[in-house]
Amino acid sequence: MEHDQVDDRHSFADYVRQLRAELNDPGSAAKWENLTLPDFLEGMEAWGRDWGERAQTNPWRHAADVLTAASIYE
């Protein structure tokens, strides 16, 4: 599932489960830049400060976008 497919709490929970599985799989985790919680939160903060577009109107989709960005944003 891609983050842009999240549209409700169930798909959000499924997406979070998928992210957790990726992080726990060494092969999949290789595509993450922020593997530790401090780095992940720093990426989330930086993305939140730098993002110049409007938030998604669907809060579940927006939350998925934030999590996705935090996994790779430096």
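I searched the whole structure for aromatic pairs and found three, where rings of Phe, Tyr and Trp (its six-membered ring) pair if their centres lie within 6.5 Å, and planes under 30 degrees apart count as stacked, over 60 as edge-to-face and the rest as tilted. The model is a predicted one, in which local features need pLDDT of at least 70 and side-chain atom pairs count only at pLDDT 80 or more, while totals for chains, interfaces and linings use all residues. Residues are numbered from 1 along each chain as its sequence is written, and side-chain values use heavy atoms, with hydrogens and water left out.

I looked at Phe 12 and Trp 60, whose ring centres are 5.5 Å apart with planes at 50°, so this pair is tilted.

I then looked at Trp 32 and Phe 40, whose ring centres are 6.1 Å apart with planes at 25°, which makes the pair stacked. Both Trp 32 and Phe 40 are buried.

Next I looked up the packing of H1 and H4, which meet at an angle of about 10° with their axes 9 Å apart; axes are lines fitted to C-alpha atoms, for helices over the stretch in contact, and angles run from 0 to 180 degrees between N-to-C directions. H1 is therefore roughly parallel to H4, given that angles under 35 degrees count as roughly parallel, over 145 as roughly antiparallel, 65 to 115 as roughly perpendicular and the rest as oblique. The helices are DSSP runs (H or I, at least four residues), numbered from the N terminus.

Which residues of H1 meet H4? I found Arg 9, Phe 12, Tyr 15, Val 16 and Leu 19 in H1 meeting Trp 60, Ala 63, Ala 64, Leu 67 and Thr 68 in H4, where contact means heavy atoms within 4.5 Å.

I turned to H3 (residues 37-50) and H4 (residues 59-72), whose axes come within 7 Å and cross at roughly 120°. That makes H3 oblique to H4. In H3, Phe 40, Gly 43, Met 44 and Trp 47 take part in the contact, and their partners in H4 include His 62, Val 66 and Leu 67.

Last, I checked Glu 22, which lies in helix H1 (residues 9-24). Glu 22 is buried, with a relative accessible area of 13%, and, leaving aside neighbours within four places in sequence, is in contact with Ser 28, Ala 29, Lys 31 and Trp 32.

Terms used:
Helix = DSSP H or I, 4+ residues; strand = E, 2+ residues; numbered from the N terminus. Buried < 20%, exposed > 50% of the residue type's maximum accessible area, 1.4 Å probe, protein only.
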